[in-house]
Each structure stands twice: as structure tokens, then as C-alpha cells.
Amino acid sequence: MVQIQSAVGGETGPILTTSFHLHPLYPTEPPRISVSSPSLSRGQCLAIRQKLVEQARVLVPEPMVHQLVQYLQCVDLSEVLRRNEEGEVGPSRSAEEEQRWAAVLMLDHIRSLKRYVRLLERWTQQLQLTVRLLQGPRILLLLLGSRTSVKEFQHLLKTSKVDVDSAGKKCKERMMTVLIERRCSWTHGSSPSSFEERRYQSKAQASQIFQELQLDQVYQQIEDVLCD
């Protein structure tokens, strides 16, 4: 068992004691998690625990205790507690906002493509997103889905070991740039989640990929960073 005390939601947040009971097959199997705090009610602690459990499922089979503690320090505590108080009866955001969010990320490089793609595919399925990895003069990641899932995907990308460095050691994505993040008129349609790796050699080819997803306006806002 690993027990850690840390502030949740930032340095000024309440102190939380989190216990991770590691399974014999860890990290293939996620740890059992328990949460307690003298400043929070039992219901509030359970709400935070649930967020950690969901996050742990996404991180399997990578070692995750350190990443879960980092997640606690960055989590929007007010949002978690508000959802708990509402009893999840209704969504904290409107259905329209949850289903209409897009982000375009630019990656500097990918050294271990097979490893990178394997993780992207897993997160796409677990977070119910539509994701396009566009490889060409620039490496782009197009994310579509609920705002919550898009944000979670970006957090995983920055805190998980997704690639390898020049020495071949596993490393995190440190050079990602968010080109745009906004509401849009796109909806999931008949396919709630899908991942595709696409290649393009010109702006025209990139534009066609965005048009297929009815994201012409999003493309227009990032077109200047692409090279023919």
C-alpha cells in the first residue's frame, strides 16, 4: 500500500490522504483507491475517489501512482464537488456544449509511432472521442467530442509517457502546442468514437480531412501554420 498526502486542486486546496492498494499485477491491474480528508465530507471524498478510479482505468497499463497524484493537484475541485452535490441528476454542462468541442494540437515529432498510436487509440475509445492524427509537413492531432473528454485527452498526453527520447527511453509529450480549442457545430453522428491516422502533403489535402468532419471554420483558423 502507498499512502500519500497532498493538496487537491492546487496548493491552497484541502489536504487529502490517498491510499493506493497495489494489485499483484500492477500496473496491468489498477490499484484500489481510498480517499479521506478532515476538510471534506464522506460524499465529497467519494466523488474525488471516483474521478481517480476513472483516471486509473485510462492509464492502464502504465505505472500510474505518480500521475494520479499529479492529477489530484490539477483537478477542478469545485467542478467535482458541484457534480457530487447535484447527484449527477443532470449534466453540469449542457448537452449541446458537451457534444460540440474541438481542439487541434501540433506535435513537434513522434519517434516511436507504434507506441504513440497505440496509446492514442486506447484513449480515443475510453474517452469516446473522434481523433485524427494528421502526418505531413506538420504533425497535428484533431480532437472532437465533449469538452470534458477533450481536456482529459490533453492532460493524458502531457502526463503520460507516450514516446521515446533520442536515447530510446520512454518520455512524456513536452512539446505539444494547442493551436485552437473551441465550441463547434460538429456532432458525433453515428460513430461515437473513432481513431484514424491520415497523411497529407499540402494544405488542400489537410483541408479535405477537416471538411469530411464539417470543420471548415476550424481549419481556416489554423491554416497559416501549415506548409505546402
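Is glutamine 214 buried or exposed, at 60% relative accessibility? Glutamine 214 counts as exposed, the cut-offs being under 20% relative accessible area for buried, over 50% for exposed and partly exposed in between, with a 1.4 Å probe and protein chains only. The structure is a predicted model, in which local features need pLDDT of at least 70 and side-chain atom pairs count only at pLDDT 80 or more, while totals for chains, interfaces and linings use all residues. Residues are numbered from 1 along each chain as its sequence is written, and side-chain values use heavy atoms, with hydrogens and water left out.

To start with the overall picture, the protein chain has eight helices and ten strands; these are DSSP runs numbered from the N terminus, with helices (H or I) of at least four residues and strands (E) of at least two. Buried residues account for 48% of the 228 residues in the protein chain. Among contacts in the protein chain with a separation of 6 or more, 64% involve residues 24 or more positions apart, a contact being heavy atoms within 4.5 Å.

Next come the cores, where a nonpolar core is a set of buried Ala, Val, Leu, Ile, Met, Phe, Trp, Tyr and Cys residues joined through side-chain atoms within 4.5 Å. The largest one holds 46 residues, and Leu120, Trp123, Leu141, Phe153 and Leu157 touch the most other members. Helix H1 gives the most to this core, with seven residues. Leaving aside residues up to four places away in sequence, leucine 141 touches a set of residues including Leu120, Phe153, Leu157, Val131 and Arg132. A second, separate core has 19 residues, with Val104, Met106, Cys184 and Phe210 among them.

H1 also packs against other helices. The axes of H1 (residues 42-59) and H6 (residues 147-159) come within 12 Å and cross at roughly 60 degrees; axes here are lines fitted to C-alpha atoms, for helices over the stretch in contact, and angles run from 0 to 180 degrees between N-to-C directions. The two helices are therefore oblique to each other, given that angles under 35 degrees count as roughly parallel, over 145 as roughly antiparallel, 65 to 115 as roughly perpendicular and the rest as oblique. Gln55, Val58 and Leu59 of H1 meet Glu152, His155 and Leu156 of H6. With H5 (residues 113-126), the axis of H1 comes within 9 Å and crosses at roughly 145 degrees. Here Arg57, Val58 and Leu59 of H1 touch Arg122, Trp123 and Gln126 of H5.

A cis peptide bond, with omega about 10 degrees, joins tyrosine 26 and proline 27, and proline 27 sits in the loop between strands E2 and E3 (32-36). Another cis bond runs from valine 60 to proline 61, with omega near 5 degrees; proline 61 belongs to the loop between H1 and helix H2 (65-74). Positive phi turns up at glutamine 128, near 55 degrees in a residue other than glycine. Glutamine 128 lies in the loop between H5 and strand E5 (130-135) and is partly exposed, at 38% relative accessible area. Glutamine 214, not a glycine either, has a positive phi of about 60 degrees and lies in the loop between helices H7 (203-212) and H8 (216-222). Finally, threonine 12, in the loop between strands E1 (2-7) and E2 (15-21), counts as exposed at 81% relative accessibility. Its C-alpha atom is 10.0 Å from that of glutamine 73, 61 residues apart along the chain.
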